[in-house]
Amino acid sequence: MPDPKCDAAISLSHDDSSGRWYAERVELALGDARNVTVFSRPRRLERAFVPAFVRALQPFLPECGENVVHTDAQAVIDIPKLILGHIQVVACRGPQGFMIATVRFRKVLGPLQAILLPRHRSESHIFAAMERSAADALLNLLRPCIDLAAVDPAEATREGAESLVATRLSELAKRRDDMAFFAYLLKRYIENAPDLDSAGALHVESRLQGVSLPRLS
């Protein structure tokens with residue numbers, strides 16, 4: 001049976017002029033943990049939730065402008081990976097042609113964030129941050145290599161060229177530990193990145209075999 005503390009509550013607003021419902025806040029609770037998504041501005045339902053949830057939710061939204069309190073303990077919304085039941089709708093008139101509503105699901109079975117479009121799920125933000133960190137790491141790894149590669153081999157025997165190459169190699173040597181750490185970050189990102197096929201992961205793993213990675217506590 002689902003945890004009795006597991007529920008979801010959605011705060012909505014209805015614009016009478018457009019006849020559209022907008023999502024403003026989504027609160028997901030599982031035991032003692034609580035995740036709250038607050039949109040920076042109200043989002044049309046189809047821009048906040050997955051299509052299957054929007055379609056299933058529509059019949060429970062009030063059509064009139066009157067205050068509504070409705071509970072259906074037997075109602076169920078069944079979408080891929082998630083089942084929501086025991087639906088409660090509380091709606092009241094707001095100012096300037098708006099209606100405010102809260103839709104609560106008292107019984108939830110499955111990953112709660114499945115109702116949200118992927119870009120609004122917290123794991124999407126985590127992977128976006130990982131992508132930025134990986135890009136930064138790659139740039140820091142490449143810059144000193146690019147500096148060294150900028151030395152024209154045809155000019156390497158010119159007077160002073162050996163000193164320039166030696167200086168840049170010395171700079172690379174000083175950054176060896178940093179570069180190894182950046183390589184470690186990239187390796188960890190690829191291992192944890194979503195939708196990476198196993199062949200690609202194995203390819204990167206083999207390319208990093210010769211890299212001495214730092215020990216992390």
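This is a predicted model: local features need pLDDT of at least 70, side-chain atom pairs count only at pLDDT 80 or more; totals for chains, interfaces and linings use all residues.
1. Start with the six strands, which form an open sheet in the order β3-β2-β1-β6-β5-β4 with antiparallel pairing. The edge positions go to β3 (33–44) and β4 (68–79); each has a single partner strand, so one side of each has no neighbour in the sheet. From one strand to the next, the twist averages 20°. As a reminder, strands in a sheet pair through backbone hydrogen bonds, in either a parallel or an antiparallel sense.

2. **β4 against β5.** These two run antiparallel and are joined by nine bridges.

3. **β5 against β6.** Strand β5 (residues 82–93) pairs with strand β6 (residues 98–109) over 10 bridges, again in the antiparallel sense. Gln-88 turns up here too, standing opposite Arg-104 in β6. Further along, Arg-93 has Met-99 as its bridge partner in β6. This hairpin has four residues between the strands, and the positive phi belongs to Gln-96, near 55°.

4. **Glu-27.** Which side chain does Glu-27 meet in a polar contact? The side chain of Arg-34, at 2.7 Å. Glu-27 itself sits in strand β2 (residues 20–30). Beyond its neighbours within four places in sequence, Glu-27 is in contact with Asp-7, Ala-8 and Ala-9, and also with Arg-34, Asn-35 and Val-36.

5. **Aromatic pairs.** Searching the whole structure gives two aromatic pairs. One of them is Phe-49 with Phe-53, an edge-to-face arrangement at 5.2 Å centre to centre with 65° between the planes. That label follows because the angle between the planes is over 60 degrees. Both Phe-49 and Phe-53 are buried. Ring pairs tie Phe-49, Phe-53 and Phe-105 into a cluster.

6. **The core.** The three phenylalanines come up again in the largest nonpolar core, which has 35 residues: Leu-12, Phe-49, Phe-53, Phe-105 and Ile-115 touch the most other members. Elements giving two or more residues to this core are β1 (7–15), β2, α1 (51–57), β4, β5 and β6. For context, nonpolar side chains tend to be buried together in soluble globular proteins.

7. **Ile-115 as a contact point.** Have a look at what Ile-115 touches once residues up to four places away in sequence are set aside. The list takes in Ile-10, Val-26 and Leu-28, then Ala-48, Phe-49, Val-50 and Phe-53, and finally Ile-79, Leu-82 and Leu-84.

8. **Leu-117 in the loop.** Is Leu-117 buried or exposed? Leu-117 lies in the loop between β6 and α2 (122–149), and its relative accessible area is 12%. The limit for buried is under 20%, so Leu-117 counts as buried. Leaving out neighbours within four places in sequence, Leu-117 is in contact with Glu-46, Arg-47, Ala-48, Phe-49 and Val-50. The sequence separation from Ala-48 is 69 residues, while the C-alpha atoms of Leu-117 and Ala-48 are 5.9 Å apart in space.

How values were computed
Residues are numbered from 1 along each chain as its sequence is written. Side-chain values use heavy atoms; hydrogens and water are left out. Two strands pair if DSSP finds at least two bridges between them. Axes are lines fitted to C-alpha atoms, for helices over the stretch in contact, and angles run from 0 to 180 degrees between N-to-C directions. A polar contact is a pair of N or O atoms within 3.5 Å; within protein, one must be able to donate a hydrogen and the other to accept it, and residues adjacent in sequence count only if both atoms are side-chain atoms. Contact means heavy atoms within 4.5 Å. Rings of Phe, Tyr and Trp (its six-membered ring) pair if their centres lie within 6.5 Å; planes under 30 degrees apart count as stacked, over 60 as edge-to-face and the rest as tilted. Buried means under 20% relative accessible area, exposed over 50%, partly exposed in between (1.4 Å probe, protein chains only). A nonpolar core is a set of buried Ala, Val, Leu, Ile, Met, Phe, Trp, Tyr and Cys residues joined through side-chain atoms within 4.5 Å.
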